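Me: I am new to reading protein models. Can we go through the side-chain contacts step by step?

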Amino acid sequence: APQGLAGGGGAGASVQSAKAQLPTENSQRAAVGVSCASHFDCQGGLFCSTYDRASTEGDTCEVCGSCMDGKLHSVDGSCPQDPDWGCPGSGGYPGCIDASALARMFEANGCQSTFEFEVWRFTEKTANSETGKMEFVAPTVVPPYVPTARFVTPFNRLVGGIGITQHRHTQDSCIDDSIPRNAFIDEYSSAAGVTCPTDKNDNSSFGYDPAFMPSSSLYNGKLSASDWYSLADRHVTETVVGNATVTVPSFPKGFFPHSYLQRLPGDAGNSTDKPVHAGDEQLFKLFLDERLTGTQARRAIQFAKDGKFLDDTTSSVEVDIITYNADLDIFARARFFFDWATSGKIPWGFDLQTVSVHMYQARSQLVLWRLCQAVVVVCLVVNCAMEVGDILVEIRKFQLIAYFRNPYNWVDWSHFTVMWATVLSWVLYEEEIGKFTMLTSYPIVADLGAAARIFATDADTELEFLYFQDRIRSLAQGMDTYSTFSGISVIIFVFRMLKGLNFQERMGLVTRTLEAAVSDLMHFFALFGLVFLGYACVGVLLFGHQFGGMADFQTSCLTLVVFLISFDATQFYASMSNAANEWAFHLFLWSYLIVAFFILLNIFLAILVDAYAAVKQETQEAAGLPDELKMVLLHGIKRRTVDSGRFVSDQNLLKVLEGLRDNLRGTQKLKSEVKSALSHRQAVLLPGGVELDNIGMARIAKEAGAAGKKPPTATSSGKVMATDSMVAEEGGKAGSTQDSLQREVMELAQQDVVLDLMARFGQDVGQRSGQHNTEVLDIVQVENLRNQLCMFNAQGRMLREQQRVIGLMEVLAQGSVPPDMLREYEEQAEEEQRPGETVIGSISVHIKQGDRLPRMDMFRDCDPYLITYLDSAEKDEVHRTAPQRKERNPKWGDEAKYTWDLLSMTKWLTITVMDKDQVTKDDIVGCVNIDVTSLPFDKEVTKWHHLENPAITSKLRESRLQVSVFKAS
């Protein structure tokens, strides 16, 4: 037995000194539980008490320390306070008492742990409200619980309580037999019992109840574990008795999974009958109830600490707090999460989300908000309808792929998609708000004053609180989704606004600069990506084992971006320099700064500045937005104030131009459009300047085994593209066999096999030729400029000398040459100064009909009309026919008969078939070029000519025109 127990009274005298001062006849006095009449009848350390024992009538001797109130417990109305008697102090246990005396009391009648007293003895009489008599009224000892507001911070009240959730993983051997390992390390791990966490959740009960642990400050020796815990809720130990192993219950477990129903022994129900929150069955949850006092809350936290709530099996811990701010009418959900990393660190973070259930504070706000929502949805529908209309137009023109290649169209559709997602997320959020419910309070903990098992919960209330957390979490996620889509929508709208401002040259500097620099930027980002990713990989290899900023590839990339934006050495220098060799660290750091920051980043800026300078130079003469707004304002004023006879508005001018649009297409514009359409000639370019056109590739395809199919029409003739050297080699062969092979090659040139070869290996000869001509022209211009600068002065002197000589010759001629001869010389000089082209005859053309013209629109037939002109015509005459509606086999009469003067330099007769479009620009169907120089004089030649258009070669396989040409001498 212990030598003494600490008490709550005074210091007192030691047991030995107290016994020494007792009378020698002390052994003859009454012991504990024996009847007495006064204190002197009892042994030392005892007093005569009025406590009624079941086995003794009257007053008995009891331990002095049990005398709490002299008037109630002592025969003479006061507790003995004589130190010599062994009763120091009154109203509490002495500082040290004899353990043998306590043992005797335990044996006699057990330890007295409670005292009965009458409350009315400590109150005053008050008048009874019913009888009017003066009576003692017992006060309320334990008042009923009244929920009080618990504030986490000012104005933010705690709702329900603080939830603590632990994820646990099972432990297993760290030895992996599937990979080769060091046997000595494995033996060391096995001997030390080292284990590693697995991916499996551990849902077994664990920990201890500190109320039954003598080492804990919460230990209560008066409690019996069998009264609070069943055998299944307790740890067990195995003891060997003889030849048998006996399982002995040990300390109670402290923490149980969410799916486990905690109940006292003897309570009805089964441990598996608990209502469970879906998804949390294997998690461990603790709740700090909002009703807890400060002392109770500290006791609960001490319970978790002493009970080993956190141990080696812990994987992560989450702390959830929900508050309500009545002033702002919002809920706030704070989640703190801690992860146990295998490296030994416990990184943590938090999420903070706010939710407003009452979105509208007044009916007027509701009406205004609904009106704004309706306007947004209507505008969104109109924009989508307009964009769909643009797609239909492109489909009719067979240019849908070109539409989707335009990045601005992707920006538009991305904005529409995000806007619809924003509207949908708001509708779902309001639906969630309409379903929101909550209780007035959440008494989660079953018994706040429980001596043990203090985290036991009321299962139904716990489940309701978890559902409330789900509702708050769902609302918070809904608001986050809506806010995210709204923010992205605004960002995309900014890009669309930049696109819309592109019409104004000064306001479109941003988009035009990006368009001018897009090619260089693509190459730059490809190069920068290679360098950046390389350094990210090196960073993980060198510093990832110690520096968290480069623990993996993703964080390494983020750290390198931070280096470029904000080079703060205090955030990384010490960790990185200690994680690798000093020379390796400095080589990595400074080479990255030099390459990525000083070189690549400045190249990026140089690309943008160069593009901006070019765009700025192009638009420096353009009017600014204020000037254009001023012009628009003045135009509007004049339109309404000035008489129409003195001022023609832009609107009226537009109407007139639209009516005359077909007739106002200039000759040069028509020619340039046709030449542009025909200039995109595809050819395979070989070293040495050799070009293979469709005919040349058809010959190669024929040698490779490809065969063309014979069209159902008669053999057609017409102008074809110039062939390569293969054609020249076979030009001298004659005979029907050669003609048959030639026709077969020409037919094969229009088949898919040849078109596929041209698409794969061909290049735009016109574009390449134009680029080459531009480069040559630049070189020639530089050389000419240098020559001109050198010859400028000499030419000036020679010109003045020539003028002087001509003047002298004119004076001499007028005096010596006859007038008739002088006039003849003058006419001859004028004739020599005229252009070298002379009229050598006339040419008459009659375009009779077309055959199997293609459909240029998906929803409409071809509406063809003709544009015909002759090269080197004196008046640049261009003839045009009226469109024929929905006619793929048109026929023309006299309206397609034309006559020109035939000049000596005339070479080509060009006939273009156009497709009339009422909505968009007219499309070029195809062209026929007839070599006039190859036609005989004074003989009418009528032939079928195939249409040519490199952009739609596959559609023009069977399209042709019948043309009659008469070249008169």
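Reply: Start with a definition: a salt bridge is a side-chain nitrogen of Lys or Arg within 4 Å of a carboxyl oxygen of Asp or Glu. Keep in mind that this is a predicted model.

Me: How far apart are the closest N and O atoms of arginine 333 and aspartate 320?
Reply: The cut-off for a salt bridge is 4 Å. Arginine 333 and aspartate 320 do form a salt bridge. Their closest N and O atoms are apart by 3.5 Å.

Me: Which strands does this pair tie together?
Reply: The two residues are 13 residues apart in sequence. Arginine 333 lies in residues 330-339 and aspartate 320 in residues 314-325, so the pair ties together strands β13 and β12.

Me: Are arginine 333 and aspartate 320 buried or exposed?
Reply: Buried means under 20% relative accessible area, and exposed means over 50%. Arginine 333 and aspartate 320 are both buried.

Me: Is aspartate 894 buried or exposed?
Reply: The cut-off for exposed is over 50%. Aspartate 894 has 62% relative accessibility, so it counts as exposed.

Me: Which residue forms a salt bridge with lysine 907?
Reply: The closest N and O atoms of this pair are 3.7 Å apart. The pair links distant parts of the chain, 24 residues apart: lysine 907 is in the loop between β21 and β22, and its partner is in strand β23. Lysine 907 is partly exposed, with a relative accessible area of 36%. Its partner is aspartate 931.

Me: Which residues do salt bridges that share partners join into one network?
Reply: Some salt bridges share partners. They join these residues into one network: Asp851, Arg852, Glu958 and Arg960.

Me: What is the angle between the planes of phenylalanine 436 and phenylalanine 468?
Reply: The whole structure has 40 aromatic pairs. Phenylalanine 436 and phenylalanine 468 form a tilted one, 6.3 Å centre to centre. Both residues are buried. The angle between their planes is 55°.

Me: What kind of pair do tyrosine 442 and phenylalanine 465 form?
Reply: Planes over 60 degrees apart count as edge-to-face. Tyrosine 442 is buried at 2% relative accessible area, and phenylalanine 465 is buried at 0%. Their ring centres are 5.4 Å apart and their planes are at 65°, so the pair is edge-to-face.

Me: Which ring does the charged end of lysine 967 sit over?
Reply: A charge over a ring must be within 6 Å of the ring centre. The charged end of lysine 967 is 4.2 Å from the centre of its ring. That ring belongs to phenylalanine 937.

Me: Which residues have the most contacts inside the largest nonpolar core?
Reply: The largest nonpolar core has 28 residues. Strands including β18, β19 and β21 each supply at least two residues of this core. Inside the core, the residues with the most contacts are Ile847 and Leu909.

Me: How many residues are in the other core, the one with Tyr535 and Phe543?
Reply: Tyr535 and Phe543 are also in one aromatic cluster, together with residues including Phe563 and Tyr592. The other core lies apart from the largest one, with Cys557 and Leu589 among its residues. Its residue count is 27.

Technical notes
Residues numbered from 1 in each chain as written. Predicted model: local features only at pLDDT ≥ 70, side-chain atom pairs only at ≥ 80, totals over all residues. Heavy atoms only, no water. Helix = DSSP H or I, 4+ residues; strand = E, 2+ residues; numbered from the N terminus. Buried < 20%, exposed > 50% of the residue type's maximum accessible area, 1.4 Å probe, protein only. Phe/Tyr/Trp six-rings, centres within 6.5 Å; stacked < 30°, edge-to-face > 60°. Lys NZ or Arg CZ within 6 Å of the ring centre and 35° of its normal. Core = buried A, V, L, I, M, F, W, Y, C linked by side-chain atoms within 4.5 Å.
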